[in-house]
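Dear colleague,

I am handing over the structure that follows, and below it you will find my notes on what was found. Please read the notes with the model open beside you.

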Amino acid sequence: IERVMLAEECGWICPYTGRSFGMRDIIGSASQFDVEHIWPRSRSLDDSLLNKTLCHHEENRNRKRNRTPWEAYSGDPG
């Protein structure tokens with residue numbers, strides 16, 4: 001339920017990559033999207049729905065990691 005709520009909130013588009021996705025991409029063992037903490041939970045202790053979004057798993061694990069969006073993307077003009 002949480003993944004569907006987050007997908008609806010971001011319009012079924014990854015806020016970091018702009019990649020659109022569907023139900024198959026977020027549900028099940030082959031999910032391509034992670035529930036991502038916008039402000040890292042380890043630093044903010046905020047596990048609320050307001051601090052979460054969906055992010056393509058490769059982007060979350062390889063680029064965003066345990067950083068804020070500003071820390072991860074401020075040097076990227078795109």
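Leu49 is found in the loop between helix H3 (41-44) and strand S2 (52-56), where helices (H or I, at least four residues) and strands (E, at least two) are DSSP runs, numbered from the N terminus. Before going further, please note that this is a predicted model, in which local features need pLDDT of at least 70 and side-chain atom pairs count only at pLDDT 80 or more, while totals for chains, interfaces and linings use all residues. Residues are numbered from 1 along each chain as its sequence is written, and side-chain values use heavy atoms, with hydrogens and water left out.

Leu49 counts as partly exposed because its relative accessibility is 32%; buried means under 20% relative accessible area, exposed over 50%, and partly exposed in between (1.4 Å probe, protein chains only). Together with Ile1 and Met5, Leu49 forms a nonpolar patch on the surface, with about 330 Å² of accessible area for the three together. Patches are made of residues with over 30% relative accessible area and no salt bridge, with like charges joined within 9 Å and nonpolar side chains (Val, Leu, Ile, Met, Phe, Trp, Tyr) within 5 Å. The areas come from the Shrake-Rupley method with a 1.4 Å probe, and for residues only the protein chains shown count as cover.

Side chains of opposite charge can pair when their charged atoms come close. Taking a salt bridge as a side-chain nitrogen of Lys or Arg within 4 Å of a carboxyl oxygen of Asp or Glu, the count comes to five salt bridges.

Lys52 forms one of these with Glu2, with the closest N and O atoms 2.8 Å apart. This pair links distant parts of the chain, since Lys52 is in strand S2 and Glu2 is in helix H1 (residues 2-9), 50 residues apart. The C-alpha atoms of Lys52 and Glu2 are separated by 9.6 Å. Lys52 counts as buried because its relative accessible area is 7%, whereas Glu2, with a relative accessible area of 32%, is partly exposed.

Asp47 also forms a salt bridge with Lys52, and here the closest N and O atoms are 3.4 Å apart. Asp47 counts as partly exposed, at 35% relative accessibility.

Leaving aside its neighbours within four places in sequence, Lys52 is in contact (heavy atoms within 4.5 Å) with Glu2, Leu6, Glu9, Val35, Glu36, His37, Ile38 and Asp47.

The side chains of Arg43 and Glu71 meet in a salt bridge at 2.9 Å, N to O. This pair too links distant parts of the chain, with Arg43 in helix H3 and Glu71 in helix H5 (residues 69-73), 28 residues apart. Arg43 counts as partly exposed at 48% relative accessibility, and Glu71 is partly exposed as well, with a relative accessible area of 36%.

Asn51 is placed in the loop between H3 and S2, and it counts as buried because its relative accessibility is 3%. The side chain of Asn51 reaches the backbone oxygen of Asp46 at 2.9 Å, which is a polar contact, that is, a pair of N or O atoms within 3.5 Å; within protein, one must be able to donate a hydrogen and the other to accept it, and residues adjacent in sequence count only if both atoms are side-chain atoms. Apart from neighbours within four places in sequence, Asn51 is in contact with Glu36, His37, Ile38, Trp39, Ser44 and Asp46.

**Loop residues elsewhere**

Thr17 lies in the loop between H1 and H2, and with a relative accessible area of 35% it is partly exposed. The side chain of Thr17 reaches the backbone nitrogen of Arg19 at 3.1 Å. The C-alpha atoms of Thr17 and His56 are separated by 7.5 Å, although these residues are 39 residues apart along the chain.

Trp12 lies in the loop between H1 and helix H2 (23-26), and it has a positive phi of about 60° although it is not a glycine. Arg65, in the loop between helix H4 (57-64) and H5, also has a positive phi, near 45°, in a residue other than glycine. Arg65 counts as partly exposed, at 48% relative accessibility.
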